[in-house]
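Please have a look at the sequence and the model first, and then read on.

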Amino acid sequence: MPKLAYLGPEGTFTEEALRILAPQAERLPRANVSAALDAARRGEADGAVVPLENSLEGAITTTLDEFAWGEPLLITAELLLPVEFSLLARPGTRIGRIKRVFTHPAAITQCRAFIARELPDAVVVAAPSTAAAAQEVALPGSPYDAAVAARIAGEHYGLVELATGIGDRSDTVTRFVRVSRPGPLPEPTGSDRTTLVAFLTDDHPGALLEMLTEFSVRGVNLTRIESRPTGDGIGRYFFHFDFEGHVADARVGEAISGLHRICADVRFLGSYPRADGLSPQVKRGTANGDFAEATGWLSRIRTGQV
């Protein structure tokens, strides 16, 4: 039974994602994303599950930076988890008597309309996580009357749901990834995603365009691009890329090789099945057979077989 670290404490959306990705795994909660990934790096766990991006809040920058600067890890799976918030309280609490609410700042943002409408007189206090908020509310003598958290947090800490589905958007999704220490990659499925980090050799006009061209000319579709500061001064950035396809695909391998030639460094973060099951549209001339035929043709003309 594998051991997987995750962003804790018990009752987070990350735990819910882990239960889906690896239902038989032993779950090891950690205080933050860095601690969860370090548990995998040190061998305390066989891997980790962490959030990567949210459809409303955008990228989880701590995760991006850990992938770029920490000891190498590989993404082996992903999950798109609908995010549904509940108002949780101790048994017997009435919604009209709630004066102090505890939750994570992201939940405050995503449940603003409900809080304004149903809890207009309540003070909302920021917590380290939604699960930590639920854990605190469950304590005897807690100064907080309710928490905004995942339903799973109420199950863990003995709280009841006073309201469910309280987010301003019903279609909010968080993307989670499972990572492990470097090893064999998942086999290509025909519906895959590849992730990497690329560092510019130097800052010059068209530097980003040069990187994007490596994808474009080979028909590789980007699904996400994020810039992050290198820390070497204002205006210095590196880039996170997600794109369709598996490194075993000729067009993807050629694109990554092209980046390697023009970038100071490229950190490969994995090729793995897409959670949404979508398959890429392969442009004419970019299928594996097309690259193989072109390579064979070039070999022939190099030997004078014209």
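A residue counts as buried under 20% relative accessible area, as exposed over 50%, and as partly exposed in between (1.4 Å probe, protein chains only). At 43% relative accessibility, Glu 84 therefore counts as partly exposed. This is a predicted model, in which local features need pLDDT of at least 70 and side-chain atom pairs count only at pLDDT 80 or more, while totals for chains, interfaces and linings use all residues. Residues are numbered from 1 along each chain as its sequence is written, and side-chain values use heavy atoms, with hydrogens and water left out.

**Salt bridges**

- A salt bridge here is a side-chain nitrogen of Lys or Arg within 4 Å of a carboxyl oxygen of Asp or Glu.
- As background, side chains of opposite charge can pair when their charged atoms come close.
- Searching the whole structure turns up 20 salt bridges.
- One of them joins Arg 193 to Glu 78, with the closest N and O atoms 2.9 Å apart. Since Arg 193 lies in strand β12 (residues 192–200) and Glu 78 in strand β5 (residues 74–82), the pair ties together parts that are 115 residues apart in sequence.
- Both Arg 193 and Glu 78 are buried.
- A network of salt bridges links Glu 53, Glu 78, Arg 175, Arg 193, Arg 224 and Asp 242.

**Arg 151 and its two partners**

- Glu 84 forms a salt bridge with Arg 151, and their closest N and O atoms are 3.7 Å apart. Arg 151 lies in helix α7 (residues 151–157) and Glu 84 in the loop between β5 and β6, so this pair ties together parts that are 67 residues apart in sequence.
- Arg 151 also meets Glu 161 in a salt bridge (3.2 Å, N to O). Glu 161 lies in strand β10, so its pairing with Arg 151 in helix α7 ties together parts that are 10 residues apart in sequence.
- Arg 151 is partly exposed, at 41% relative accessibility, and Glu 161 is partly exposed with a relative accessible area of 35%.

**A five-stranded sheet**

- Helices (H or I, at least four residues) and strands (E, at least two) are DSSP runs, numbered from the N terminus. Two strands pair if DSSP finds at least two bridges between them.
- Five strands make an open sheet with mixed pairing, in the order β8-β7-β9-β6-β10. At its edges are β8 (123–126) and β10 (160–164), each of which pairs on one side only.
- Strands β7 (residues 100–103) and β9 (residues 146–149) run parallel and are joined by two bridges. Which residue of β9 is the bridge partner of Phe 102? That partner is Ala 147.

**Around Glu 57**

- Glu 57 sits in the loop between β3 (47–54) and β4 (58–59), and is partly exposed with a relative accessible area of 41%.
- Contact means heavy atoms within 4.5 Å. Leaving aside neighbours within four places in sequence, Glu 57 is in contact with Ala 106, Thr 109 and Gln 110.
- The C-alpha atoms of Glu 57 and Arg 175 are separated by 11 Å, although the two residues are 118 residues apart along the chain.

**Helix α10**

- Trp 297 has its place in helix α10 (residues 288–302). At 47% relative accessibility, Trp 297 counts as partly exposed.
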